[in-house]
Amino acid sequence: MATAAACASSLLAPPSASCAGPAASGALFPTSVPSLRAYPRLLLAFRRPAAAAVADPQGAAVLEEEEDEAPVQFDDVDEDYEDGYGGRGPAFTAPTRPRTGKAALPLKRDRTRSKRYLEIQKLRESKKEYDVPMAISLMKQVANTRFVESAEAHFRMNLDPKYNDQQLRATVNLPKGTGQTVKIAVLTQGEKIDEARAAGADIVGSDDLIEQIKGGFMEFDKLIASPDMMPKVASLGKILGPRGLMPNPKAGTVSPNITQAIDEFKKGKVEFRVDKTGIAHIPFGKVNFPEEDLIANFMAVVRSIERNKPSGAKGIYWKTAYVCSSMGPSIKLNIKEMLDYGADSSN
């Protein structure tokens, strides 16, 4: 009686060998655990209508037959398919979001390059450092667009412009000009209005020109102002500042000698500064200039940057230097040879 009661009291535990009865041999509690590979099949088997084993209070199993229905066929299951967890069944695929922005751009290996780009790559070596004459010659060679491109110099300096003693902003007079027509506006008053017109200023005015600028008039490339007009020009800071047109003594656009300032900008005076990353971008002519003229302009830029070195600059002043045309690839320069060439040309 004690043995029968023990067998009947625990229906959840597998029966021991001492328990009698046909159900104790494994009909209700299998002695072996099925393989994980068969788990999806077992899950589908439980969904089929089948005979359910119900234990009675006496410990014996009673089979209740349910309604006969069409059994589920497993002939179409792919035997070679794995679900990733050791069994066979449908694999779970995580939903993916559509890529936007830079993530949606094709990788470099998947991009298709133009014929012009592939031809240019045959002319230069991307990691090679060139001297100044060779770099200028190669820049002219790769500039083969349908318009006359500008020649540009890009210098990465060891400067952090957020500090006042590491800001670089100056001007340079290109001896061979920029190759561009500069439209100059002048803000002055009194007798200097006639002087500005005689010096070749395109637009000259006083309070009337200030009102035009406030109304949206921006048809000029440089704005030069006399010192006595600066209190009135201060009201244009929000308009001219973001466009880089605000008169500034460091840029040479605030000068008591209006005639000289106009003449310098007409001949090729260029303003430059480093951006927030410490890089200076400076145009120094057109690619249709002779190589000697481009070299002269370029070395004038290098000497101006060296001459206007900020007091807070520490360590290596020049990091990298590149030249390029407007639509051409960059050509890296050897810093030591560039500075030595500038020293030799100045002597």
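Reply: What follows starts with the chain as a whole, then turns to the helix pair, a residue within it, the aromatic rings and a loop position.

This is a predicted model, in which local features need pLDDT of at least 70 and side-chain atom pairs count only at pLDDT 80 or more, while totals for chains, interfaces and linings use all residues. Residues are numbered from 1 along each chain as its sequence is written, and side-chain values use heavy atoms, with hydrogens and water left out.

The protein chain holds eleven helices and eleven strands; helices (H or I, at least four residues) and strands (E, at least two) are DSSP runs, numbered from the N terminus. Of its 347 residues, 33% are buried. Buried means under 20% relative accessible area, exposed means over 50%, and partly exposed is in between, with a 1.4 Å probe and protein chains only. Contact means heavy atoms within 4.5 Å. Among contacts between residues at least 6 apart in sequence, 67% join residues at least 24 apart.

The helix pair consists of helix 4 (residues 132-142) and helix 10 (residues 291-307), which pack at an angle of about 120 degrees with their axes 10 Å apart. Axes are lines fitted to C-alpha atoms, for helices over the stretch in contact, and angles run from 0 to 180 degrees between N-to-C directions. Helix 4 and helix 10 are therefore oblique to each other: angles under 35 degrees count as roughly parallel, over 145 as roughly antiparallel, 65 to 115 as roughly perpendicular and the rest as oblique. On the helix 4 side the contact is made by Val 132, Pro 133, Ile 136, Ser 137, Met 139 and Lys 140, and on the helix 10 side by Glu 291, Leu 294, Ile 295, Phe 298 and Met 299. By type, these residues are eight nonpolar, one polar and two charged. Here Ala, Val, Leu, Ile, Met, Phe, Trp, Tyr, Cys and Pro count as nonpolar, Asp, Glu, Lys and Arg as charged, and the others, Gly among them, as polar.

Asn 297 also lies in helix 10. At 0% relative accessibility, Asn 297 counts as buried. Apart from neighbours within four places in sequence, Asn 297 is in contact with Leu 174, Pro 175, Lys 176, Gly 177, Phe 284 and Phe 289.

The whole structure has five aromatic pairs; rings of Phe, Tyr and Trp (its six-membered ring) pair if their centres lie within 6.5 Å, and planes under 30 degrees apart count as stacked, over 60 as edge-to-face and the rest as tilted. Phe 155 and Trp 318 are edge-to-face, at 5.4 Å centre to centre with 80 degrees between the planes. Phe 155 lies in strand 3 (residues 150-157) and Trp 318 in strand 10 (residues 318-325), so the pair ties together parts 163 residues apart in sequence. Phe 155 is buried at 0%, and Trp 318 is buried at 7%.

Asp 131 sits in the loop between helix 3 (115-121) and helix 4. Asp 131 is partly exposed, with a relative accessible area of 35%. Leaving aside neighbours within four places in sequence, Asp 131 contacts Leu 333 and Glu 337. The C-alpha atoms of Asp 131 and Glu 337 are separated by 6.1 Å, although the two are 206 residues apart along the chain.
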